[in-house]
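Here's a walk through one chain, from the overall picture down to a few side chains. Have the structure open as you read.

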Amino acid sequence: MDFNMKKLASDAGIFFTRAVQFTEEKFGQAEKTELDAHFENLLARADSTKNWTEKILRQTEVLLQPNPSARVEEFLYEKLDRKVPSRVTNGELLAQYMAEAASELGPTTPYGKTLIKVAEAEKRLGAAERDFIHTASINFLTPLRNFLEGDWKTISKERRLLQNRRLDLDACKARLKKAKAAEAKATLWNDEVDKSEQELRVAQTEFDRQAEVTRLLLEGISSTHVNHLRCLHEFVESQTTYYAQCYRHMLDLQKQLGSSQGAIFPGTFVGTTEPASPPLSSTSPTTTAATMPMEPSVAGLAPPGEASLCLEEVAPPASGTRKARVLYDYEAADSSELALLADELITVYSLPGMDPDWLVGERGNKKGKVPVTYLELLS
């Protein structure tokens, strides 16, 4: 009991001494041991790494799960060390509603059939999103959290110890200075100076040891950057895979809808009608689909199914041609197709009997079929 009381009294005395030393430093009434420039740079670099890691982590969490309530729920499950319950994605929920709507409105009607097709695509998109979230959480979020909850806590603990050692060292310096001043006035015995010098040597040794430990941890931030760089590459790879899957799913859906729409609305391009106002930028990645009139007959063109289109002998219609910007490079599969280069402008038009997924493209004296999905139709 007496030992514990003495220890508490000793700890209280140390805490009070440090508080006094810290306060006097703030008011410029006491000297402060400064760390060297390299050490200060390491501290600043570590603080910057921690602050940006927190921001990147939080914003990535928002990207993967925009719903704040769901994020709070996942956080609580994580802290309770319990498995997060499976949650349907927005795409999967939309797919469910569309499938139910088709069932009630008539799955054999054109609208019902289209709802079913879109629902299947949205379900695949939702599954791709689920895989992306899972992969990104493991390969990117978890390493960032491990740094903040592991390495950074260790660094913070050792920095606090270093701060205490520095305060103890400066307090010993102040006591020795007072002891020497008193000795000069012959008001204290020499052993008081010896005692202060011994305390200073011990405090200096402890400070130097703690500074070395802290410095090694701070220099380890470079390894943290290397690890986070690897995780960032993996995050980009998973995101690239996700968007590539989404593109393929939507391209397949667009082809399916194009075929069905061509049957229901003959003589139109795939997609929605052109907006009343032109796009703000001609470089917009959004493909603007619009209706174009079909010529009732073209000289030299055989009816569908009887012969292949002889494009070289076909003249463009008097009306209905448009300019289009090429979105991606396209390599012609045969002589009937026109090779494309990204960002070039070509003239396009449709002919009776053509697949709705294709147009006739002209560039100079060259002519050939081009895929609609590779074009941005300009007004």
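## The chain at a glance

Of the chain's 379 residues, 33% count as buried, where buried means under 20% relative accessible area, exposed over 50% and partly exposed in between (1.4 Å probe, protein chains only). This is a predicted model, so to speak of local features a pLDDT of at least 70 is needed, side-chain atom pairs count only at pLDDT 80 or more, and totals for chains, interfaces and linings use all residues. Residues are numbered from 1 along each chain as its sequence is written, and side-chain values use heavy atoms, with hydrogens and water left out.

The secondary structure comes to 7 helices and 5 strands, taken as DSSP runs numbered from the N terminus (helices: H or I, at least four residues; strands: E, at least two). Along the sequence the pattern reads α-α-α-α-α-α-α-β-β-β-β-β. Among contacts in the chain with a separation of 6 or more, 67% are between residues 24 or more positions apart; a contact means heavy atoms within 4.5 Å.

The average pLDDT (the predictor's confidence in each residue, from 0 to 100) is 80 for the chain, and 75% of the residues score at least 70. Confidence is highest in helix α2 (residues 37–64), at a mean of 95, and lowest in helix α1 (residues 2–26), at 61. Over residues 266–308 pLDDT stays under 50, and the model has 67 contacts beyond four places in sequence for that stretch.

T33 sits in the loop between α1 and α2 and is buried, at 14% relative accessible area. Its side chain makes a polar contact of 2.4 Å with that of D170 and another of 3.0 Å with that of K173. A polar contact is a pair of N or O atoms within 3.5 Å; within protein, one must be able to donate a hydrogen and the other to accept it, and residues adjacent in sequence count only if both atoms are side-chain atoms. Beyond four places in sequence, T33 is in contact with R166, L169, D170, K173 and F207.

Now look at L200, in helix α6 (residues 190–219). L200 is buried too, at 18% relative accessible area. Leaving out residues up to four places away, L200 touches L169, C172, K173 and L176.

## Salt bridges

Side chains of opposite charge can pair when their charged atoms come close. The whole structure has 13 salt bridges, each a side-chain nitrogen of Lys or Arg within 4 Å of a carboxyl oxygen of Asp or Glu. In one of them, the closest N and O atoms of R130 and E92 are 2.5 Å apart. That pair links distant parts of the chain, with R130 in helix α5 (residues 110–184) and E92 in helix α4 (residues 90–105), 38 residues apart. R130 is partly exposed at 30% relative accessibility, whereas E92 is buried at 18%.

R165 and E206 also meet in a salt bridge (4.0 Å, N to O). R165 is in helix α5 and E206 in helix α6, so this pair ties together parts 41 residues apart in sequence. Another bridge joins E362 and K367 (3.6 Å, N to O), and K367 is buried, with 17% relative accessible area. Salt bridges that share partners also join R58, E61 and R145 into one network.
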